[in-house]
Amino acid sequence: MTGRARARSRGRARGQETTAPGASQAREPTPAPAPPAEGELVGRGRQKGAPGAFSAEAVLQISAGFQQVKLGERGGRRRDFNDAGINTRQAMEHVKESKMGTSGRSIPLTTNFFRILSRPQWVLYQYHVDYKPPMESRRLRSALLYQHDEALGSARSFDGALLFLPHRLHSKETVLHSETRNGEKVQITVTLTNELPPTSPVCIQFYNIIFRRILRILDMQQIGRNYYNPNDPLNIPQHRLTIWPGYTTTILNYEKSIMLCTDVSHKVLRSETVLDFMCNLRQQCGNQRFPEICAKELVGLIVLTKYNNKTYRIDDIAWDHTPNNTFKKGDTDISFKNYYKAQYSLDIKDGNQVLLISHVKKLGPSGGPPPGPAMLVPELCYLTGLTDKMRADFNIMKDLSTHTRLSPEQREGRLNRFVSNIQKNADAQAELDKWGLNFDKALLNLTGRILPAERLYQGPKSYDYNPSTADWSREMRGVPVISSPPMNDWFMFYTRRNGNEAQSLLQTLGKVSTPLGIRMQKAIMVEYEDYQESLLRALQQNIRPQTQMVVVVLPSNRKDKYDCVKKYLCVECPIPSQCVVSRTLSKPQALMTVATKIALQMACKMGGELWSVEIPLKQLMIVGIDCYHDISAGKRSIGALVASLNNGMSRWYSKCVLQHKGQEIMDGLKMALSGALKDYLKFNNCLPSRIIVYRDGVGDGQLHSVVNYEVAQILESIKSMGHDYLPKLSVVVVKKRISTRFFAFTNGKVDNPPPGTVVDSEVTRPEWYDFYIVSQAVRSGSVSPTHYNVVYDTSGLKPDHMQRLTYKLCHMYYNWQGIIRVPAPCQYAHKLAFLVGQSIHKEPNAKLEDLLFYL
């Protein structure tokens, strides 16, 4: 899987919600919003306020006057990235008192959280600010309001629409008069809308606004949701890359106190501009093919404009526009060239370059339509992130990882230095003192538990593994698998150049398969010419309906040949297939290991079962759901559902649905769940009495959609099996992309916690039934825990049993002889959605539903 594709499969490389100079309307470029003032929020975080949403109580408190204000006038849509205000725990009786597990031995840990030691104990006054005539620019709104220091005082926080003050103004409505530089008179009305007690959720939102101000005082720049330090760049000149070190920060109400969670983040910038990239590309491919290749390479990439430190997604290229084109700014026409000269003192050197288009998603002023696409100048846009080619380059990734892959000791040191920098900075400390905020100097200490290691059952034997490496590839060597269908009729396709590698693979497969209990007859060998049409023709002419398996040795890892094989063998002619790149087979000393893994993979794809762990619950169905956002096929979303069919969790039903943008992922998966239940019935002659759904692929701020919509859809799907069928149901949201980190102490030094570490106190959320598990072992860098949030539970399973079951399922992924980060069905669902989104772009044939054909 390529890096960019992996990012997209997690929904990362999607449109950034930003505005830009020269946003265009219809065909004519339109007025650009004024750039943000120095020290003001910029980038995606602008206009959205800080994380933390209004709870139901807080919304009721807000006066009617404030509720009448339009959303757009309140500073735009506020997306709540932290899913605050969603209280799922109160509906679950069995975890109301305690959600903590008991099994395992305890382990002292530290974590990347700092307690807020003191915070304002006074009421915070919230005002709505209105301008007459209305002012579009947020920078201008702030400047006009801040002309009234005597009336407002020095302690204030303004986000463009809401003003927070620690004291009450004399009257409920205060009218102020300001004047713009052009001499235009502006009347500002400041109306009291709310008095917020220190416990109000809006106060948490406010603390985040204050903390962002602290980061700006430290000269950090906001890109996206995080802050980076452009004054301390890490340069990698040999690859033309620059890394900006930075931090993710969130202040939230955790189990016992309000805390700051902060983690190290890195922004990779390329030293080349989009114009440099385009010029190099034109030289490589010539003028004729340039427009087509250029669009293919650039569309979908994220660029950074250093003049305002904002990121944009390139959605299109305006081949008929250059910097000499004009757009309307106010009532006058101005060229892009002159606009950048006047606004940012930037000289555009190439007057003939085409412009880039970025579709702005943010609503326009007063909730109106979006201001239209933004026009960007390639010369001023810097490429961010890495291309697929860069990710495939071992040297680039190795050099990058020396800067970005921090050991637990380095990470902890960086975090402690960050907080001490804030405390040493007089301006930052003065700002915190002004509001009565004070942070702990040391990372939070807490106690976790290490779950007991699992015993693995494989064929006639059972064995333990080394718990510190979380890997059993050595232990399973020479042990027969649980079951594997005999391979009597199978093909191996190869090119003339790879004939030797194909023969070596065939012989080695014969050697390794017998000890594993996999009966394998000799394959029918078919040679094909090294081009796509020849490969497809060879497949069509040779494969018969009774063929069990197809192995294709590919000369290179070119995507088109791989896609061609998978499309034909997953859709038109449903037969499990295994592709192998010839380079993988070129090292004789590694061939036994490679052949063992290939043999196991082939056995799985045909319905074989490799190993199992003890799962005491009977009549249990485990379901994994994940989604992938396919940007090539008209921005369709692909939802995948994988469900267990037996007690050993070794046979799985897999279904994939393709749907259009904007459609809820569960709409299509409702039918898939019904299909899984029918298959379970066919397999076991009964329906499951207990269903546990692990839902992966839920982005920040999307939890409400799962709680309010998806759970109801799952219940409806269950009901379709008969009104008297009432199984126990649990829905668990699985989240990998989190900022939380845990550190343990081994032999006096900071280290990663061992696999099986569970944390269910202190850093969990009081309104949720949630816990963290560190299930995998890593060889370098800091391990990332996985966050599990049980949003619906009628099973009555004790928290301890839920945690242990989740950990057991992390052992059941057959493509890796070790423990993985998420329960196996989530990883299976991810693999299926990814294969369909990357290669097939169609629903796989129903005949493959009971097989792990996508491994």
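Before going on, a word on the source. This is a predicted model, where local features need pLDDT of at least 70 and side-chain atom pairs count only at pLDDT 80 or more, while totals for chains, interfaces and linings use all residues. Residues are numbered from 1 along each chain as its sequence is written, and side-chain values use heavy atoms, with hydrogens and water left out.

Arg449 pairs with Asp760, with the closest N and O atoms 3.0 Å apart. Arg449 sits in strand β24 (residues 444–450) and Asp760 in the loop between β39 (757–759) and β40 (769–774), so this pair ties together parts that are 311 residues apart in sequence. Strands (E, at least two residues) and helices (H or I, at least four) are DSSP runs, numbered from the N terminus. Arg449 and Asp760 are both buried. Buried means under 20% relative accessible area, exposed over 50%, and partly exposed in between, with a 1.4 Å probe and protein chains only.

Glu272 and Arg270 also form a salt bridge, at 3.8 Å between the closest N and O atoms, and both are buried. Asp333 and Lys328 meet at 3.2 Å, N to O. Asp333 is partly exposed, with a relative accessible area of 49%, and Lys328 is partly exposed at 40%.

Next, the nonpolar cores. In soluble globular proteins, nonpolar side chains tend to be buried together. A nonpolar core is a set of buried Ala, Val, Leu, Ile, Met, Phe, Trp, Tyr and Cys residues joined through side-chain atoms within 4.5 Å. The largest has 91 residues, and those with the most contacts inside it are Trp490, Met492, Leu509, Tyr694 and Tyr828. Its largest share, 10 residues, comes from helix α20 (residues 824–840). A second, separate core has 56 residues, including Leu218 and Tyr254.

Last, a helix pair. Helix α15 (residues 559–572) packs against α20 at about 115 degrees, with the axes 9 Å apart. Axes are lines fitted to C-alpha atoms over the stretch in contact, and angles run from 0 to 180 degrees between N-to-C directions. Contact means heavy atoms within 4.5 Å. On the α15 side the contact includes Tyr562 and Lys566, and on the α20 side Leu835 and Gln838.

Technical notes:
Salt bridge = Lys/Arg side-chain N within 4 Å of Asp/Glu carboxyl O.
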